[in-house]
2 protein chains.
Amino acid sequence: MSGRDDSVIYIGRKPVMNYVLAVVTQLNQGYDNCTLKARGRSISTAVDVAEIVRCRFMKDIVDVEKIEIGSEDLAEEGGRTRTVSTMEITLIKMK
Amino acid sequence: MSGRDDSVIYIGRKPVMNYVLAVVTQLNQGYDNCTLKARGRSISTAVDVAEIVRCRFMKDIVDVEKIEIGSEDLAEEGGRTRTVSTMEITLIKMK
């Protein structure tokens with residue numbers, strides 16, 4: 001059976017384990033991969049989530065497929081824009 | 001002239017622009033690449049540094065070559081260990 005393949009989880013300010021549980025659930029429900037998307041200070045949380053899934057909960061089952069960084073302009077009050085860094089980490093089930 | 005190729009900058013709690021200046025200086029002094037290493041909360045600062053160098057100060061000159069994440073055990077008082085996430089971003093001068 002081929003799995004579904006487009007699970008995305010947005011990382012914010014909730015406790016790390018909430019996101020870990022979400023990723024593990026997605027991968028156990030048939031998704032082949034799961035992409036964590038984060039901005040600004042949440043980027044380090046995204047790395048924590050990826051590492052906890054990869055090294056603890058799904059050790060030898062999941063690997064990091066791809067990591068990308070970028071920038072995004074956010075509109076602020078007063079018409080100004082602020083640039084924030086972004087990161088996407090894609091975790092994939094090993095065959 | 002072939003450049004030197006093993007510049008490493010450790011990202012900590014200083015202002016982002018300190019690290020940006022360090023990276024730009026290294027790359028302008030003959031290094032072909034520069035690796036940013038960060039742990040824990042500093043990981044998002046490392047992404048900020050990489051993005052500011054790549055998109056603002058050395059646009060069209062520097063690209064992201066490699067991004068790696070990992071975990072490290074830190075010894076704490078009382079003999080316990082704490083696991084922190086790590087990240088390495090390698091910036092490279094485009095030919």
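Start by selecting B:V8 and B:T35: B:V8 stands opposite B:T35, which sits in strand 2 of chain B. Keep in mind as you click around that this is a predicted model.

Now widen the selection to the strands around that pair. Strand 1 of chain B and strand 2 (residues 33–39) of chain B run parallel, and four bridges join them. Colour the rest of the sheet too: in chain B you'll find an open sheet of four strands in the order 1-2-4-3, with mixed pairing. Look at the edges next. Strand 1 (7–10) and strand 3 of chain B each have a single partner strand there, so one side of each is left without a neighbour in the sheet.

Next stop, the hairpin. Select residues 62–75 of chain B for strand 3 and residues 81–93 of chain B for strand 4; these two pair in the antiparallel sense over 13 bridges. Within this pairing, B:E68 stands opposite B:E88 of strand 4. Five residues lie between the two strands, and in the turn B:G78 has a positive phi of about 90°.

What packs on this sheet? Show helix 2 (residues 42–57) of chain B, which touches strand 2, strand 3 and strand 4 of chain B. The direction of this helix makes about 5° with that of strand 4 of chain B. Then bring in the other chain: helix 2 of chain A lies across strand 3 and strand 4 of chain B, at about 65° to strand 3 of chain B.

Hop over to chain A and select residues 16–28 (helix 1) and residues 42–57 (helix 2). The axes of these helices come within 9 Å and cross at roughly 55°, and helix 1 of chain A and helix 2 of chain A are therefore oblique to each other. The crossing is right-handed.

Finally, zoom out to both chains. A rotation of 180° with 0.0 Å of shift along its axis superposes chain A on chain B, with an RMSD of 0.0 Å. The two copies are thus related as by a two-fold rotation axis. Which residue of chain A comes closest to the rotation axis? Select A:S44, whose C-alpha is at 2.8 Å. As for the interface, 100% of the interface residues of chain A are also interface residues in chain B, so the copies meet through the same surface.

Technical notes: Residues numbered from 1 in each chain as written. Chains lettered and ligands numbered in written order. Predicted model: local features only at pLDDT ≥ 70, side-chain atom pairs only at ≥ 80, totals over all residues. Heavy atoms only, no water. Pairing = 2+ DSSP bridges. Axes fitted to C-alpha atoms, helices over the stretch in contact; angles between N-to-C directions. Parallel < 35°, antiparallel > 145°, perpendicular 65-115°, else oblique. Left-handed = near helix turned anticlockwise from the far one by under 90°. Least-squares fit on C-alpha atoms with pLDDT ≥ 70 in both. Contact = heavy atoms within 4.5 Å.
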